[in-house]
Amino acid sequence: GYPADPAEIYLTDGASEAVKMCLQICIRSPDDAILVPIPQYPLYSGSINLFEGTIAGYYLDEEKGWALDVEDLKRSIAETRAQGKEARALVVINPGNPTGN
C-alpha cells in the first residue's frame, strides 16, 4: 500500500460532492477562474457558476484522442489574465463523459 496520514484523507458522499468541495475551496471571488477542458462535464460549469467563479475553457484535441493542446492552455491562461482574473485551478478529466470516448 501507499503510506497515508489519516489527517489528510477526506471522505465525501460521492465524486460530485468531492468536485464541488474542491471548487468551493479554490473560488474566493468572481475574479477567480478555473481552467476547464472543453468538452466538459456540466458538473464543473454548474459548480463554478454556483460558487460565483469564472470558467476559463481550454480545448482538447479530438484528432489526437482528446489530448491536451498546451498552446491552447497557454491561450486560455493569457485571456484569463487579460480579463483581470486569476487562474486558480486546472481541471484534468477523462473526456469519456460527455464524449463517449
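Helices (H or I, at least four residues) and strands (E, at least two) are taken as DSSP runs and numbered from the N terminus. By this definition the chain has 4 helices and 4 strands, which follow one another from the N terminus in the order α-β-α-β-β-α-β-α. The structure is a predicted model, in which local features need pLDDT of at least 70, side-chain atom pairs count only at pLDDT 80 or more, and totals for chains, interfaces and linings use all residues. Residues are numbered from 1 along each chain as its sequence is written, and side-chain values use heavy atoms, with hydrogens and water left out.

The mean pLDDT (the predictor's confidence in each residue, from 0 to 100) of the chain is 90, and 92% of its residues reach 70 or more. Where pLDDT is low, the predicted coordinates should not be read in detail.

The C-alpha trace spans about 40 × 35 × 25 Å along its principal axes. Of the 101 residues, 29% count as buried (under 20% relative accessible area; exposed is over 50% and partly exposed in between, with a 1.4 Å probe and protein chains only). Contact means heavy atoms within 4.5 Å; among contacts between residues at least 6 apart in sequence, 51% join residues at least 24 apart.

Asp61 lies in strand 2 (residues 54-61) and counts as partly exposed because its relative accessibility is 22%. Not counting residues up to four places away in sequence, Asp61 touches Trp66 and Ala67. The C-alpha atoms of Asp61 and Ile38, 23 residues apart along the chain, are separated by 9.3 Å.
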